[in-house]
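Student: I am new to this structure and would like to go through it step by step. Could we work from questions?

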Amino acid sequence: MMSTAIHTSLRRVLSICHDSHTDNFVWQAMQVSHEVATSSHYETTTFVSPTAGDQSVSSFGLVRVKDWDAVFQEIWEAKQMGRPYGLILLEARRDSWDGVREQIEKMWGLDETLLCIVCWPSDERIWQISQGLSRSAQWTMFRMAGEPEDLFQLVLCLSALSSSTSSKPDEPALTSRNGQLDPVPQSSDNPSIAEQEAELALAKDELATSKVYVNNVIRSMADSLLVIDANLTIGSVNPSLLELLGYEEDALVGQSPGLIFGEEFAQGSIIENLLLQGSVSGIESSFLTSEGQVIPISVSGSMMQDEQGQFQGLVCVAQDITLRKRMEEEKLELHEKLLDTSRQLGMAEVASDVLHNVGNVLNSINVSIGVVTELVKHSIVGDVGRISQLFQKHREDLGNYLSTNPKGKQVPAYLEKLAKQLGEEQQAAIVELNRLRENAQHAQHCVASQQDLAKAPDITEPISVVELLEEALTENHELVESLKIIVDRELQEIPLLIVDKHKVLEILVDVIRNACQAMTSVSLKQLTVRAKLVPGPPDSLCLEVVDSGVGIDSEDLTKIFRQKNNANEGRGGMSIHNGALMAKNIGGALRAHSEGIGHGATFSLDLPGNFHFPDL
């Protein structure tokens, strides 16, 4: 079955490669012309050196077979005929490596001196396959079509093959460095080639070691790494980012960064900062997971440039700040709870002081009441009645009775004594009643003074006006839903406002509730809330609540804020009156406007522009 086209002096190479690029690569390595002959099993190509007359230059014979059965048959027959093959060229891919490895071991079972070159497709990534073969010194691998340094390596392998016939049987023609086969020259005719080979192998070792080290660093990062290429597509990512977002690497590489950054990246804020500043640190943004979940992140990055200053891409490191955001929200919520608790404690303390002071006054009042009660209980005013009865009994001869009767003679003196006693009782009662009035006034003063203490200074804090309006709408959510009111929001971008949040919120809740109630009997139910800046000086803020309700008559606009006023259906009342007073207390004003009955109304809350700018 052997081709007669192959001369016995040729160095024999067996190939089971089906890629045409491999032939071109081998042709470059051998630097020969070739002729092709075919048979039913295999194809045979003879390579003859263009300097065949020079015996120092070798010629090669390449036998190409189509399947593994033909490989094993060729190896067996060649060994039986005394012309064994020195080198096997074969193809392998990642998904077929296990099977190829078994076939190589089977070939070594037929001829233990065979050397193997595994041809690697250029469109597939190399993975670690240094384990699993029993003869590490008799095989190597090349990417097809290879790079110039791989071509040089293959030339050396073929040169080693050409001198292998003069080697001792127990001396291998090829040795291995880190899984790569390097030929060992059998003579020192050309030491420069050996030196170049050693330098090349050393450089490859150092490069491979550095690459492994860098890959380990990147894969060990706890933060997410994202490299954006010069064409603004995702170039590479690390496992932390893939685990955070739930993507496979192939699903991200080559895609737009907007796939994971969302709208903020599409608006260009991150790219713009990186291109203008060269680097950024701690920019808050967000990632979108594969399931559409938003994850808050802190992004730091820098721009990559080559030696000529040309843009090469961007390197971004992102940190998941979900826990930090949750802690900030919990801290804010806890702060608000503490404020509410402190207010309640203050109110309880005021109530306790009032009760203590009023209790002392009530004790004095009880004493005065007891004294007056005893005076009345033991008063001799009853003797006046008995004397009256005596006079009634002797009314016919009263004069004679008072002048001649021994008892009658005592009546004038007794009346004088009675008058004096009753006068003393009256004075004592007056004294106690005055004391009782003074104690009552004291109790009233205690309550009034504690009320003044309860009016603590306004507790101001920076607040988001938009969030405050949303909170006021939420407080009236049930009323809005029950009346099926359409809510529109017209909100400008407003800085944080320093104000007493709870007072402003109370005003807005009452105004919105009043507006909803005014739309109970109308068909079109539309509520609009606005927040707009009013340029100064001084700058101010206007919050408007507009409804399509029953409206307000022009005569009633001046009465709408009066206490207990109820001029129109759903209008006025204690809440609007209190809202106007509260707005005045915080330095603002609550105004009302309406075009008349049936034209709805607009309530405007004007607040001083005491804005908070954290960066200043």
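Student: In which sense do strand E17 and E22 pair, and over how many bridges?

Tutor: This is a predicted model, in which local features need pLDDT of at least 70, side-chain atom pairs count only at pLDDT 80 or more, and totals for chains, interfaces and linings use all residues. Residues are numbered from 1 along each chain as its sequence is written, and side-chain values use heavy atoms, with hydrogens and water left out. Strands (E, at least two residues) and helices (H or I, at least four) are DSSP runs numbered from the N terminus, and two strands pair if DSSP finds at least two bridges between them. Strand E17 covers residues 496–499, and its pairing with E22 is antiparallel, over two bridges.

Student: Which residue in E22 is the bridge partner of leucine 497?

Tutor: The pairing of E17 (residues 496–499) with E22 is antiparallel. In E22, the partner of leucine 497 is phenylalanine 611.

Student: How many helices and strands does the protein have?

Tutor: The protein has 616 residues, of which 35% count as buried, where buried means under 20% relative accessible area, exposed over 50% and partly exposed in between (1.4 Å probe, protein chains only). The count of elements is 18 helices and 22 strands.

Student: Among contacts between residues at least 6 apart in sequence, what share joins residues at least 24 apart?

Tutor: A contact means heavy atoms within 4.5 Å. Of the contacts between residues at least 6 apart in sequence, the share that joins residues at least 24 apart is 62%.

Student: How far apart are the closest N and O atoms in the salt bridge of arginine 324 with glutamate 328?

Tutor: A salt bridge is a side-chain nitrogen of Lys or Arg within 4 Å of a carboxyl oxygen of Asp or Glu. Arginine 324 and glutamate 328 are four residues apart in helix H11 (residues 322–377), so about one helical turn separates them. Arginine 324 is partly exposed at 37% relative accessible area, and glutamate 328 is partly exposed at 40%. The closest N and O atoms are apart by 3.8 Å.

Student: Which residues are linked with Arg324 and Glu328 in a network of salt bridges?

Tutor: By the rule above, the count of salt bridges comes to 13. In the network, Arg324 and Glu328 are linked with Glu284 and Lys325.

Student: Which residues form a nonpolar patch on the surface with Val214?

Tutor: Valine 214 lies in helix H5 (residues 191–220) and is partly exposed, with a relative accessible area of 44%. Patches are made of residues with over 30% relative accessible area and no salt bridge, with like charges joined within 9 Å and nonpolar side chains (Val, Leu, Ile, Met, Phe, Trp, Tyr) within 5 Å. Accessible areas come from the Shrake-Rupley method with a 1.4 Å probe, and for residues only the protein chains shown count as cover. The patch has about 300 Å² of accessible area together, and Val214 forms it with Tyr213 and Val217.
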